[in-house]
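Subject: Structure handover

Hello,

Please find the structure below, followed by notes on what was found in it. Could you read them with the model open beside you?

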2 protein chains.
Amino acid sequence: MQQRILGIDPGIARTGMAVVEGSPGSLSLCWAECYETDANQPDSSRLFGIYSRAQKVISEWTPDSVAIEQLFFAKNQTTAMRVAQGRGAVLAAAGATSLPVAEYTPMQVKESIAGWGGAPKPQVTRMVKMLLGPDGIAGEDDLFDACAIAICHHFRSRLATMTSLHGKAAHPSPAGAAQ
Amino acid sequence: MQQRILGIDPGIARTGMAVVEGSPGSLSLCWAECYETDANQPDSSRLFGIYSRAQKVISEWTPDSVAIEQLFFAKNQTTAMRVAQGRGAVLAAAGATSLPVAEYTPMQVKESIAGWGGAPKPQVTRMVKMLLGPDGIAGEDDLFDACAIAICHHFRSRLATMTSLHGKAAHPSPAGAAQ
């Protein structure tokens, strides 16, 4: 069954958003954007901008679900909490339409995309290009991260379906399952 | 000059909100609520609930400004980041109407209300009751915290006005300035 996933890499300055469509054996990028906010604006305006943008993308692309990176523990708490605020605005926008939201740790994302939770960034980026096609995406890290989260959700939800159908996964490696 | 302030103590489970009206020598509570979200709902729905409630309160009470507690450093990062998400939803709601948002640390709030940044909670609660009238408020901590933040903003913005008018503050203690 085909599913359309909105992957989001939240932040206060830049929010990566990518709409990925997937079905068994096929995966394609519909749209992606790195939404930037003006650092000269107060946080409230920037957060409302993120909320509004996410809501608009959801209403235009009507995804089946939203995938977002899980809260992480960071050395720099101020940065982490500002990201958490951006995340709050994005989640509120998803909540407006009662869309199911899946959350993944960075390690889960890397594991699903490159087969190893400790995979370095260039390896993950390369795999995103491989999976979505070389012309599909270029630009900032946030875009690749948003795509990676959406792809991770595609693999993981497929895997969950296969597990429930067959008792156990046919292809334990999610990345392998897309080949 | 009279000003109406919406004080907010954000959280994911409970968000304290209080509308306080103040002018030189007068301070009164218009309305207060502890908005609770259902722990059985997904975070996205809870955050949208918080966003919507804050937006409704702003449109009904048309405050001149919003006062909110500043990001804090906590031992429990997971709790802190969930609060930060609630804060993101509240700020996004304030950003929708371009309302000015003032942020204060818990220490600044205590100092403004009770004259000492290390004042214990019961002392702050007692002062909130003293300042708003004993019948004005009862109930959860979150309500008192929301009132305290609004009162803090009232004193601090008055003090700033007085400082700019007279070169320096007539009453350096914000709590004293309200008597």
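**A buried arginine and its partner**

A:Arg87 has a relative accessibility of 3% and therefore counts as buried (under 20% relative accessible area is buried, over 50% exposed, in between partly exposed, with a 1.4 Å probe and protein chains only). The side chains of A:Arg87 and A:Glu103 meet in a salt bridge, 2.7 Å from N to O (a side-chain nitrogen of Lys or Arg within 4 Å of a carboxyl oxygen of Asp or Glu). A:Arg87 belongs to helix H2 (residues 77-95) of chain A and A:Glu103 to strand S5 (residues 101-104) of chain A, so the pair ties together parts that are 16 residues apart in sequence. Helices (H or I, at least four residues) and strands (E, at least two) are DSSP runs, numbered from the N terminus.

**Basis of the values**

This is a predicted model, in which local features need pLDDT of at least 70 and side-chain atom pairs count only at pLDDT 80 or more, while totals for chains, interfaces and linings use all residues. Residues are numbered from 1 along each chain as its sequence is written, chains are lettered from A and ligands numbered from 1 in the order in which they are written, and side-chain values use heavy atoms, with hydrogens and water left out.

**The fold of chain A**

Chain A has six helices and five strands. Along the sequence they follow the pattern β-β-β-α-β-α-β-α-α-α-α. Of the 179 residues in chain A, 53% are buried. Among contacts in chain A with a separation of 6 or more, 59% are between residues 24 or more positions apart (contact means heavy atoms within 4.5 Å).

**Other salt bridges**

The count over all chains comes to 17 salt bridges. In chain B, B:Glu21 forms one with B:Arg4, and the closest N and O atoms are 2.8 Å apart. This pair links distant parts of the chain: B:Glu21 is in strand S2 (residues 14-23) of chain B and B:Arg4 in strand S1 (residues 3-9) of chain B, 17 residues apart. B:Glu21 is buried at 16% relative accessibility, whereas B:Arg4 is partly exposed at 23%.

B:Glu111 forms a salt bridge with B:Arg156, with 4.0 Å between the closest N and O atoms. Here B:Glu111 lies in helix H3 (residues 106-114) of chain B and B:Arg156 in helix H5 of chain B, 45 residues apart. B:Glu111 counts as partly exposed at 38% relative accessibility, and B:Arg156 counts as partly exposed at 24%. Salt bridges that share partners also join A:Asp43, A:Arg46 and A:Arg82 into one network.

**Three single residues**

A:Glu33 lies in strand S3 (residues 26-36) of chain A. Leaving out residues up to four places away in sequence, A:Glu33 touches A:Thr15, A:Gly16, A:Met17, A:Arg53 and A:Leu143. Its side chain makes a polar contact with the side chain of A:Arg53, at 2.8 Å (a pair of N or O atoms within 3.5 Å; within protein, one must be able to donate a hydrogen and the other to accept it, and residues adjacent in sequence count only if both atoms are side-chain atoms).

B:His154 is in helix H5 (residues 141-166) of chain B and is buried, at 2% relative accessibility. Not counting residues up to four places away in sequence, B:His154 touches B:Gln3, B:Ile5, B:Gly22, B:Ser23, B:Ser26 and B:Leu27.

A:Gly118 sits in the loop between helix H3 (106-114) and helix H4 (121-132) of chain A. At 40% relative accessibility, A:Gly118 is partly exposed.

**Where the chains meet**

In the interface, 26 residues of chain B are in contact with 26 residues of chain A. The two chains bury about 2200 Å² between them, 68% of it on carbon and sulfur atoms (buried area is the accessible area, with a 1.4 Å probe, that two parts lose on being put together, summed over both). In chain B, B:Gln77, B:Met81 and B:Gln85 lose the most area to chain A, together 26% of what that side buries. Across this interface the rule finds zero salt bridges and two residue pairs in polar contact, both at pLDDT 80 or more.

Regards
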